[in-house]
Amino acid sequence: MEFKKLALAAAIIAGLSTQAQAGSELSTLLMLLHENGTITTEQYKRVLAEANATEQKNVAEKQELQAALDEATNVKVSVGKGGLAVKTRDGSFTTKIGGRMQLDSGWYGEDRSGSGSTLGDGTELRRARLYMKGTIYNDWFYKFEYDFANNSSSGTTAKGITDIWLGYNGFDFEGLSVKVGHFRDPFMLQDAVSDNNTQFTERASIDAFTAGRHIGAMASIDRKHWTAALGVFGESASKSGGSDDEGWGTAGRVTWMPINEKGSLIHLGLAADYRSTRSNDVRFKQQPETHVTGVNFVDTGTLTDVDNYLTLGAELAVVQGRFSGQTEYVRVKLDRDTASDPTFDGWYAQAGWFLTNDTRPYSFKGAKFKGVKPKSIVGKGGIGAWEVALRYSTIDLNDGGIVGGEMDNLTLGLNWYPTAGLRVSANYIKMLEMDREGSELDNEEADIMQLRGQWAF
Amino acid sequence: MEFKKLALAAAIIAGLSTQAQAGSELSTLLMLLHENGTITTEQYKRVLAEANATEQKNVAEKQELQAALDEATNVKVSVGKGGLAVKTRDGSFTTKIGGRMQLDSGWYGEDRSGSGSTLGDGTELRRARLYMKGTIYNDWFYKFEYDFANNSSSGTTAKGITDIWLGYNGFDFEGLSVKVGHFRDPFMLQDAVSDNNTQFTERASIDAFTAGRHIGAMASIDRKHWTAALGVFGESASKSGGSDDEGWGTAGRVTWMPINEKGSLIHLGLAADYRSTRSNDVRFKQQPETHVTGVNFVDTGTLTDVDNYLTLGAELAVVQGRFSGQTEYVRVKLDRDTASDPTFDGWYAQAGWFLTNDTRPYSFKGAKFKGVKPKSIVGKGGIGAWEVALRYSTIDLNDGGIVGGEMDNLTLGLNWYPTAGLRVSANYIKMLEMDREGSELDNEEADIMQLRGQWAF
Amino acid sequence: MEFKKLALAAAIIAGLSTQAQAGSELSTLLMLLHENGTITTEQYKRVLAEANATEQKNVAEKQELQAALDEATNVKVSVGKGGLAVKTRDGSFTTKIGGRMQLDSGWYGEDRSGSGSTLGDGTELRRARLYMKGTIYNDWFYKFEYDFANNSSSGTTAKGITDIWLGYNGFDFEGLSVKVGHFRDPFMLQDAVSDNNTQFTERASIDAFTAGRHIGAMASIDRKHWTAALGVFGESASKSGGSDDEGWGTAGRVTWMPINEKGSLIHLGLAADYRSTRSNDVRFKQQPETHVTGVNFVDTGTLTDVDNYLTLGAELAVVQGRFSGQTEYVRVKLDRDTASDPTFDGWYAQAGWFLTNDTRPYSFKGAKFKGVKPKSIVGKGGIGAWEVALRYSTIDLNDGGIVGGEMDNLTLGLNWYPTAGLRVSANYIKMLEMDREGSELDNEEADIMQLRGQWAF
């Protein structure tokens, strides 16, 4: 803490100056001169009195200086990665303002481009978020984040609110916190990991089963070797309100990290998410692990008469030095009143290897991977961190008479992290199999090239 | 002012060090030694010259130090309540960044739920605002605030711009300021009070008559015992532009506070708002003092052929220690060319009582209540401030052949303020009477429970 | 640099205190007293040892103080113009948060108002932007800006993302930088100039030919006497994505400034912009140099079957003390497969004269005019800067069978800059000629009065 250091230093000068000026050597000299009879007792007393008066004045004034210095250094401002962070000396209040920008371009080689363009080459502002977060009186903490990107098909409206919540962690129980607001249900490792920090530009296709964000309340315990989270949720901020009763859900996730050291991790997790629908509708769909095109390769369409559905997931992740790997399996079972109860599922496995001497960081707070901080920094004479990665993913939305499609993809990725916060990613996706009977996308085996520039601050 | 203190302290050390080192006791000693003949005149002069040279050097260098300290402390940063405030030492420039989040949930017990759901239980992000405001060269001040919440029925668009204005108060006349931009017409006490600081989660139903925000210009005088404001306005920022001439209006409000001390207030006010419509349309409507549902219980529908309308209001508020009370009456008279000229009106009376040793703060700047700052703070070992409140409100939109409905509500509220900026409110609303002939809502006497979490920073 | 100054000052006190306290005059006195035999060798050594011990302690402690002061002043915060800027001492990280607000009102005197209102008097929030920009590790720089104003005809949606880009300028080649993101194609002087700093409230009518902003990549060289920029672009952020291949373009601009001193400038420029369309559509349209009304006086309508089009522009600007002038010519040629290949063009010339002793500032970074910083500041006892300006502009969208209209306007402007960042502008526009056969706007010679208040921070 530089604050402490400063206060210490101020205290030190206060002390030392006193000694130096009125005390110590001058006093000694006076005493000696007096003893020697060089100066009279009267003279001795006169100079000593002057010296002591000065000393007292100094002490008082140095205290004032120290108080002023304390005041001046009461708040610390920093600008790491280009964002803005402010905190009080004791950490009881903090504010941070930052954001993320993700700029994509995609090129598509379709099998059946003869039958008309199905995937559009182009560019996209994938995410453009700003956030403000802070701590209030030690125990309260909030976040507000908004996504200004407008890459929906309509193209005119910002994507809207992402995280907006208030939390409290002033409990005696280690690692316990509660929060209310709009945030992700605790479900799936690849959802817990910020899209800033995923190993590929897009999450694996089972992201179709993501619980997403809802208005709700959650309690969680985050410790170094295990975490547990349980929440109840209404609907998403953009769907809340209205004259019908809302849908609701409950979700929980537990993880166990028998090994959790820097550069060495074993992570296991289980999660479940139950949702009761508002209007008995649900839809699962996914683009081919690229977002520029806007075409959903697998898509159940809107399934009606769905009373509720239960999604289950299992996670495994490892890190060993430059190597990292993770795999997840998710299945969802629908409960419909008058129609079949289909089950959809999927899984992926991915591995990455740093070409440079870097590692993939992990945090038990939320049980997730964090952003890479390269050891060698561009702008300070370095070359950044370089990582190659490979992923196989599959999702199956064909069941119970529903033909949503089955898609298997292989993705080869290259990530360059010039500095903390900056990232350039190139992904080549080879569609291995596409089975969606009756669709013009059936048997499509597209080649996809996607490039992303990202800065988070 | 810590800045002043610091500058003072720096000035002090500059002075004291000089005295201590070259002046005072050492000079005295030298003089005495010289007088005693212990040192020769030559020696005396030599040491004195050295001492004086050191002194001069010290003075110069201390001045440099002081200048540097001044520079370093030129701007003060603070993070009260989790927001961010910056100001220059002389206060001529300031910037503040903050916001408000209001998260609601509502449960509805309808009388006639047999006839189909009329009010939907659920959650809502009521407001999600960020603002930036500041002072420029002492006399100019601005604010920009945006509401990112998207709780309209469409649910896809942010609510948009709220306050956006530039003001000037560099006049010689005490309390005078002018501002231009988009802001509320000066009308009604409960509108002047920020929704952060209203005693209940929603304003009383006569909020149907609110003038709201428009693009315009206003002059106001704010003094401790009276205020006056007068403005001319076009339309709201979201309705401005277009190929028709805009509507316009003028509004004024005067208040008198014969008693205005901390914890003791008598406030009286009168206001008038005249509006000439653009397309001769006007509509008055209101939800039953809850916003989650989205259903307007009273609603005139769009009234056509309205040339202009005049709204009048009277206000009374008192504070005495833990007690606060306020009441307002508003009536609006429409001027229509070819149809009847109906008059609508309504009023409310509310009172609150702090269970803890707190009081409801008031500011003559804008003549309004401000946010509660609890004496006992959660996060610093306290329990926050607790307040109970009761309100009766009525609005009558039945007149001149128009059946907009009459609604009488009784609301019981409980407010908990854990810290300044944080608030949890529970409101139970009992609909006493609902008279809207021909509507399925006629005779509805719903029970409404509403819960809000709010953080403003 | 105040940081340097502070470090220097701290270094100085560290040094001086040492000398003052243990060295110099006291040492000399001791030496003399010893030589005189007033004090014994033992006494001399004792006091000298004390003095030296104090000196060493002082040196160590002053170094700690200096380190603490360095730490405390590591980041500099400033609030110029009411915005917020933060930078580290070495400038390797910076963050700035600011915005712009433009508030317009317009009054229209139409020739043919008898035939129904064609232009609507009223108000408009022209722009309401906030931005965040910064530097990351010296060489990287980013900007994110969003326009919250919703003055489109629909009136419910923010205008959206303007600038959002990441740049790198860590090259050895002087003035070279590259950037990727969403930003303006390098084209036209009046487009390069921020709308905060244009001489009139709206750009000249050839703004109909503006390239606008697209997602793309650009390399540029900015030197004092010349600049060059070349970029390739996809579509705008709001149009990107989709299942068709996007349109694309390439644009370049070169400028030469044989004279470029404060208050003295000659600027010449050439630019070209080529665009291949996505869906073979293009449309050129323009309001009569006022935006409140929303009516496009010249408008080709959507032209179909356009394979590509090439826009060319030439620029000239001069500044001499209080005088500034600029003129531009732009022409665009369409390449259509099955229909005529029309050519549209236009030009303007404008000149301004400061009534006060001010000048129009220019920057070779981007080769453009910057914001006026008045010498005499309102709020510091001054009257601001006052400027009168005159512009003639013409645009011709009649060619090849297309009747988009030809419009000639004369504009008289008055600008008042009370402080840097604040501006009030009054524009009177006299429509000299309007030739658009078959349109109700044909032969219209409207009188237009427009007023703008602007604050940028």
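Visitor: What conventions apply here?
Guide: Residues are numbered from 1 along each chain as its sequence is written, while chains are lettered from A and ligands numbered from 1 in the order in which they are written. The model is predicted: local features need pLDDT of at least 70, side-chain atom pairs count only at pLDDT 80 or more, and totals for chains, interfaces and linings use all residues.

Visitor: What is the mean pLDDT of chain A?
Guide: First the term: pLDDT is the predictor's confidence in each residue, from 0 to 100. Chain A has a mean of 88, and 90% of its residues reach 70 or more. Over residues 6-23 of chain A, pLDDT is below 50. That stretch still has 47 contacts in the model beyond near neighbours in sequence. A contact means two C-beta atoms, placed from the backbone, within 7 Å.

Visitor: What ipTM and pTM does the complex get?
Guide: The predictor gives an ipTM of 0.86 and a pTM of 0.90.

Visitor: How many residues of chain C are in contact with chain A?
Guide: The size of an interface is often given as the accessible area lost when the parts come together. Here the count is of residues in contact: 60 of chain C with 60 of chain A. Several elements of chain C each supply at least two residues to that side, among them helix H3 (41-72), strand E3 (94-109) and strand E4 (122-136). Helices (H or I, at least four residues) and strands (E, at least two) are DSSP runs, numbered from the N terminus.

Visitor: Which element gives the most to the side of chain C that touches chain A?
Guide: H3(C) does, with 14 residues. By type, the residues on that side of chain C divide into 25 nonpolar, 22 polar and 13 charged. Ala, Val, Leu, Ile, Met, Phe, Trp, Tyr, Cys and Pro count as nonpolar; Asp, Glu, Lys and Arg count as charged; the others, Gly among them, count as polar.

Visitor: What rotation superposes chain C on chain A?
Guide: A rotation of 120° with 0.4 Å of shift along its axis does it, at an RMSD of 0.4 Å. The two copies are therefore related as by a three-fold rotation axis. Of the residues of chain C, C:Thr38 comes closest to the axis, with its C-alpha at 3.5 Å. The copies use different surfaces: 7% of the contact residues of chain C recur in chain A.

Visitor: How many bridges join E14 and E15 of chain C?
Guide: Two strands pair if DSSP finds at least two bridges between them. Strand E14 (residues 306-320) and strand E15 (residues 323-336) of chain C run antiparallel, with 14 bridges. C:Gln320 stands opposite C:Phe323 in E15(C). The two strands form a hairpin with 2 residues between them, and C:Gly321 in the turn has a positive phi of about 60°. E15(C) also pairs with strand E16 (residues 343-354) of chain C, antiparallel, over 11 bridges. There, C:Glu328 stands opposite C:Tyr348. E15(C) and E16(C) form a hairpin with 6 residues between them.

Visitor: Which strands does E22 of chain A pair with?
Guide: Strand E3 (residues 94-109) of chain A joins strand E22 (residues 447-456) of chain A by 10 bridges, antiparallel. A:Arg100 stands opposite A:Ala456. Strand E21 (residues 422-435) of chain A joins E22(A) by 9 bridges, also antiparallel. In that pair A:Ala426 faces A:Leu451 as its opposite residue.

Visitor: What is the phi of B:Ala367?
Guide: Most residues other than glycine have a negative phi, and most peptide bonds are trans. B:Ala367 has a positive phi, near 50°. B:Ala367 lies in the loop between strand E17 (362-363) and strand E18 (368-369) of chain B.

Visitor: Is B:Ala367 buried or exposed?
Guide: Buried means 20 or more other C-beta atoms within 10 Å of the residue's own; exposed means 12 or fewer; partly exposed lies in between; C-beta atoms are placed from the backbone. B:Ala367 has 29, so B:Ala367 is buried.

Visitor: Where is A:Thr411?
Guide: A:Thr411 is in strand E20 (residues 402-417) of chain A. With 26 C-beta neighbours inside 10 Å, A:Thr411 counts as buried. Beyond four places in sequence, its contacts include A:Phe200, A:Glu289 and A:Ile429. The C-alpha atoms of A:Thr411 and A:Ile429 are separated by 4.4 Å, though the residues are 18 apart along the chain.

Terms used: Least-squares fit on C-alpha atoms with pLDDT ≥ 70 in both.
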